[in-house]
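Please walk me through this structure, strand by strand. Start with a hairpin and its neighbours, then move to the cores and the open sheet.

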Amino acid sequence: MSLTWGTQHYEVSGYNRYDGTFRTSDKGKAGRLGPDGALMVKPAFENLYDYSGGFIRAKQERDGKMGVLDEQGNAVVPFLYDDVVITYVRGLSVGPDTLTFVRGYAPVELDRKIGFVSRDGTETLKPTYVKDAVKVKANTLLIIDAAGKI
């Protein structure tokens, strides 16, 4: 389906039933339309992940770094990380119960190490802990020692 907004033409490629937004694209770049059809995020990204709690995880370029956008498409977490790790509430992995930030913080991954950033993009814990030795539960880092104990 296609949509014309003002003088701009967009391809609409999907609907997110959990937040009422629409995935859109222009020249191979992803964007997002709000529930009212207004442009939320200009198509300028390789990938936009599901909208969650007022934020959208995004990848700028193919094989590029990830960051987080607010509802207006402004970068609130800079595009410096290999992943912004989504947090699952009560073991759920889809829908409105997935969160980008919990209590104002999101886990991030860089070079297979885990750290945290705040909603304003401040790196509150530099990615330090080896990913395979860390479990992220409700935005708490559980560090596992060599014996397998937390």
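Asp26 has Lys29 in β4 as its bridge partner. This is a predicted model, in which local features need pLDDT of at least 70, side-chain atom pairs count only at pLDDT 80 or more, and totals for chains, interfaces and linings use all residues. Residues are numbered from 1 along each chain as its sequence is written, and side-chain values use heavy atoms, with hydrogens and water left out.

Strands here are DSSP runs (E, at least two residues), numbered from the N terminus; helices would be H or I runs of at least four. Two strands pair if DSSP finds at least two bridges between them.

On to β5. Strand β4 is joined to β5 (residues 39-45) by three bridges, and the two run antiparallel. Leu33 stands opposite Leu39 in β5. This hairpin has five residues between its strands, and Gly37 takes a positive phi near 90 degrees. How many residues of β4 are buried? Four of the five in β4 (residues 29-33) are, so the strand is mostly covered. Buried means under 20% relative accessible area, exposed over 50%, and partly exposed in between (1.4 Å probe, protein chains only).

Phe22 lies in strand β3. Is Phe22 buried or partly exposed? Phe22 is partly exposed, because its relative accessible area is 23%. Its contacts (heavy atoms within 4.5 Å) include Val12, Tyr15, Arg32, Leu33 and Pro35, not counting residues up to four places away in sequence. Val12 is 10 residues from Phe22 in sequence and 6.7 Å away in space, C-alpha to C-alpha.

Now the interior. A nonpolar core is a set of buried Ala, Val, Leu, Ile, Met, Phe, Trp, Tyr and Cys residues joined through side-chain atoms within 4.5 Å. The largest one has 11 residues, among them Phe55, Met66, Val76, Tyr81, Phe101 and Val108. The elements that give two or more residues to this core are β8 (66-70), β9 and β13 (105-110). The largest share, three residues, comes from β9. A second, separate core of 10 residues includes Met40, Phe45, Ile56 and Phe79.

Val108 is in contact with Tyr81, Val84, Ile114, Val117 and Pro127, among others, leaving aside its neighbours within four places in sequence.

Arg57 sits in strand β7 (residues 55-59). Arg57 counts as buried because its relative accessible area is 12%. A polar atom of its side chain lies 2.7 Å from the backbone oxygen of Val84. Beyond four places in sequence, the contacts of Arg57 include Asn47, Tyr49, Met66, Asp83, Val84 and Thr100.

Next, the open sheet. Four strands form it in the order β10-β13-β14-β15, with antiparallel pairing. The edge strands, β10 (83-84) and β15 (123-130), each pair on one side only. Four bridges join β14 (residues 113-118) to β15. Ile114 stands opposite Tyr129 in β15.

Last, confidence. pLDDT is the predictor's confidence in each residue, from 0 to 100. The chain has a mean of 78, and 74% of its residues reach 70 or more. Where pLDDT is low, the predicted coordinates should not be read in detail.

How values were computed: Polar contact = N/O pair within 3.5 Å; in protein donor to acceptor, adjacent residues only side chain to side chain.
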